[in-house]
Amino acid sequence: MAGGRFLGGDCRRGALLAPKAKRISTPGWKALYGFAEKEEDDDDDRKEDDQNLGAINKGMAVTAKTVAVLKGKTKPPPRYTEATLLTAMEHPGKQIADAQLWAVLEGRGGIGTPATRADIIEKLFASSYVERRGREIWPLSKGMQLVDLGPEPLRSPELTGQWEERLLRISEGKEPGATFLDEMYAFAAALVRDVKQSEETYRHDNLTRTRCPLCGQFLLEINGKKGKRLACPDRECGYRQNLSFTSNARCPRCHKRLDVVGEGEKRLYVCKCGFREKFDRFNEELKARANHSGKRDVADYMRKQQKEEGQTSPFAAAWADAQRNKK
C-alpha cells in the first residue's frame, strides 16, 4: 500500500511528500539561554524533519520546490499472546463502535469472567482452533473456517454487550426476565436452522492418510500444546495418538530441548541440529552423568569445604594424599 504525508496530513493512496516543519511562537525559557536564536541559525545543519517553518499566515501562498511519493506498507497489528488476549477480553472496547454497549461491557467486566477467560482460551487450543508459536497465538484453518461459517451475530462482542444490557435492565426490574428467555430460545433455534440450511462446507486441511484404528476414519495431524499428535475427527470416537513432544532433556551438541518422537521401543530423541538417539539409551547416559562426579566437581567441593572451615578439610587432605600416591 502506498502512503504519504503533506504538511502532516496522511493520504493512503499516495500524495505529495513535504517535510515536517515547526514554527516557534513563544520561545519560553529557551529565550533566557539563547536557544531560540541558536536553533534559527543552525537550520542548515539540522535534519529536514526539524527545520523551522518561520512566519506563516492564513491564506499565504507557498511554492513547492520538490515533490516525492512515499511508498510503503502498513504494519499489521501484533498477534495476540495469552496475556494480551486476556486483556482484550476484559476490555473489548476497541472492537465495539457503540459507546453505550462499550460502557455496559466495561462496567460488567468485559467478555467472560476472570475465572472463565483462561478456560475459554484453553478450549480454543484443545479444539485445534489456534496454536502456540512461541508466545504468539496463531489461528489455524479450523478456527478461521469456523469464523467464516458461523452466523454473523456470533462474530462480534457487540452481541455480548446487548445481552449484558438486557440482563442489567432485568436486574433493575425494567424488563421481565421471561421475555428475554423466550427470545434466547428463538434466537438459538434460528441459528441452528440457518446452519442446517447453509450450503457452506468445512474442509480439513490437516487430514492424513492414516486411518483411525477404532472407527476407520482418516486421522488429523494437530500441533497441540505438548507436541504433535494424531486425532480422530469424530468426537464420539476420541482416539488420540502422540507423535512427538518436547522434553526437558538437552541436546549434547546445541543444548536445545530435545523432541521425543515415536512410541514404545521405537521412541527417539531428535534435535533440529541433526542429533538422534534412542530414547532408553540416552536416558541411561543421562543417569550415568548425573551419578558421576568429575574432577571439576571434586575441586569445587574442596574449595567450598575450605571456605566453610577456614582450613584444609579431612576430605581435602585425603584427596591430596591419594593424588600424591598416584604420582
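**View 1. Arg155 and Glu152 form a salt bridge.** In this predicted model, the two side chains meet at 3.1 Å, N to O. Glu152 is exposed, at 55% relative accessible area. Arg155 has a value of 40%. Exposed requires over 50%, so Arg155 counts as partly exposed. The structure holds ten salt bridges.

View 2. The side chains of Arg132 and Glu82 meet at 2.7 Å, N to O.

**View 3. Lys123 and Asp119 pair within helix α5.** Their side chains form a salt bridge of 3.5 Å, N to O. Helix α5 covers residues 117-126. The two partners sit four residues apart, about one turn of the helix. Asp119 is partly exposed, with a relative accessibility of 39%.

**View 4. Three nonpolar residues form a surface patch.** The members are Ile56, Met60 and Val62. Together they have about 280 Å² of accessible area. Ile56 is located in the loop between β4 (51-52) and α3. The relative accessible area of Ile56 is 35%. Patch residues need over 30%, so Ile56 passes that cut-off. Ile56 also counts as partly exposed.

**View 5. Four strands build an open antiparallel sheet.** The strand order is β11-β12-β13-β14. Strands β11 (244-250) and β14 (276-278) stand at the edges. Each edge strand has a single partner, so one side of each is left without a neighbour in the sheet. Neighbouring strands are turned by 35° against each other on average, direction ignored.

**View 6. Strands β12 and β13 pair inside this sheet.** Strand β12 spans residues 257-261, and β13 spans residues 268-270. Their pairing is antiparallel and runs over three bridges. One of the residues to look for is Val261. The bridge partner of Val261 in β13 is Leu268.

Definitions and conventions:
Residues numbered from 1 in each chain as written. Predicted model: local features only at pLDDT ≥ 70, side-chain atom pairs only at ≥ 80, totals over all residues. Heavy atoms only, no water. Salt bridge = Lys/Arg side-chain N within 4 Å of Asp/Glu carboxyl O. Helix = DSSP H or I, 4+ residues; strand = E, 2+ residues; numbered from the N terminus. Buried < 20%, exposed > 50% of the residue type's maximum accessible area, 1.4 Å probe, protein only. Patch = residues over 30% accessible without salt bridge, like charges linked within 9 Å, V, L, I, M, F, W, Y side chains within 5 Å. Areas by Shrake-Rupley, 256 points an atom, 1.4 Å probe, with all protein chains shown as cover. Pairing = 2+ DSSP bridges. Axes fitted to C-alpha atoms, helices over the stretch in contact; angles between N-to-C directions.
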